[in-house]
Amino acid sequence: MANLKELRSRITSVSSTMQITSAMKMVSAAKLSKAQDAIESMRPYSQKLSQLLQDLSASLDDDSSSKYAEQREVEKVLVVAISSNRGLAGAFNANIIKGVKYAVANHYGDKDVHLYSIGKKANDILKKSFEVYKTNTEIFDDLSFENVSVIAEDLMEQFLEGNYDKIVLVYNHFKNAATQAVLTEQFLPIPKFETEEEVQLDYIFEPSKLEIVKDLIPKSLKMQLYKALRDSFASEHGARMTAMHKATENATELRDSLKLSYNKARQASITNEILEIVGGAEALNN
């Protein structure tokens with residue numbers, strides 16, 4: 001059994017760690033509340049925009065399809081891995097790394113795969129396995145639609161210039177504070193919307209359906225990337241809050257266990273001292 005000094009030192013150390021994890025949990029909970037409100041408020045708009053674009057695209061002739069929907073033989077693939085800049089978030093970043101490697105191994109193993117890493121943690125690991133096209137670690141400092149649009153425009157330009165034949169997003173989808181799911185989502189080329197029934201649209205189009213679709217597609221792509229980043233941002237804080245909650249609970253249990261051991265050791269020490277005193281007194285009397 002450890003001596004009293006060692007136990008006191010460990011109790012102090014565990015108590016300090018518990019205070020840190022508890023504070024990090026509260027900070028993440030506050031950030032999660034704002035991030036969750038942001039992603040939940042934008043989802044209806046994003047879904048409606050996608051549905052409108054799907055209906056319009058399905059009603060157009062095949063020869064009027066967008067340049068962003070051009071299907072080419074896939075030789076070069078760009079994987080956009082969205083992680084975080086900081087750790088202490090459980091398996092949040094590890095799941096992205098696994099998701100990227102799984103997607104490449106199962107779908108693009110024979111292709112020339114490059115990496116666009118958003119967030120520092122995934123880049124630190126994946127850069128050892130893939131050629132990195134770009135890295136962005138500043139976007140989460142000011143996560144706005146305008147800043148995300150710059151990244152989306154770069155991705156669209158790379159596709160139009162033929163530098164990449166397919167661009168996919170890998171990110172954590174926010175379900176709730178304790179649950180995140182890794183999604184692999186095709187960004188470009190945009191999938192062709194097909195329907196068995198003829199689409200009937202009760203709209204008046206100005207100037208025309210084709211012009212509206214051409215204008216909506218870039219906006220929809222920017223919104224898709226913005227939603228993915230917002231999803232990942234909320235997932236990060238949810239994962240960190242959950243991880244720090246579990247860490248605080250574990251530290252509390254360890255501290256209580258150490259206090260119990262300390263009290264037992266202290267009681268044993270006192271008992272030994274009493275026995276020594278009694279034994280000494282008996283020796284003097286004899």
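1. Phe145 is partly exposed, with a relative accessible area of 26%, whereas Tyr226 is buried at 13%; here buried means under 20% relative accessible area, exposed over 50% and partly exposed in between (1.4 Å probe, protein chains only).

2. The model is predicted, so local features need pLDDT of at least 70 and side-chain atom pairs count only at pLDDT 80 or more, while totals for chains, interfaces and linings use all residues. Residues are numbered from 1 along each chain as its sequence is written, and side-chain values use heavy atoms, with hydrogens and water left out.

3. The structure holds four aromatic pairs, where rings of Phe, Tyr and Trp (its six-membered ring) pair if their centres lie within 6.5 Å, and planes under 30 degrees apart count as stacked, over 60 as edge-to-face and the rest as tilted. The pair of Phe145 and Tyr226 is edge-to-face, because the ring centres are 5.7 Å apart and the planes stand at 85°. Phe145 lies in helix α4 and Tyr226 in helix α5 (residues 209-285), so this pair ties together parts that are 81 residues apart in sequence; helices (H or I, at least four residues) are DSSP runs, numbered from the N terminus.

4. Nine salt bridges are counted, each being a side-chain nitrogen of Lys or Arg within 4 Å of a carboxyl oxygen of Asp or Glu. Lys120 forms one with Asp124, with the closest N and O atoms 3.0 Å apart, and both residues lie in helix α3 (residues 120-126), four residues apart, about one turn of the helix. Lys120 is partly exposed at 39% relative accessibility, as is Asp124 at 23%.

Note on methods: Helices (H or I, at least four residues) and strands (E, at least two) are DSSP runs, numbered from the N terminus.
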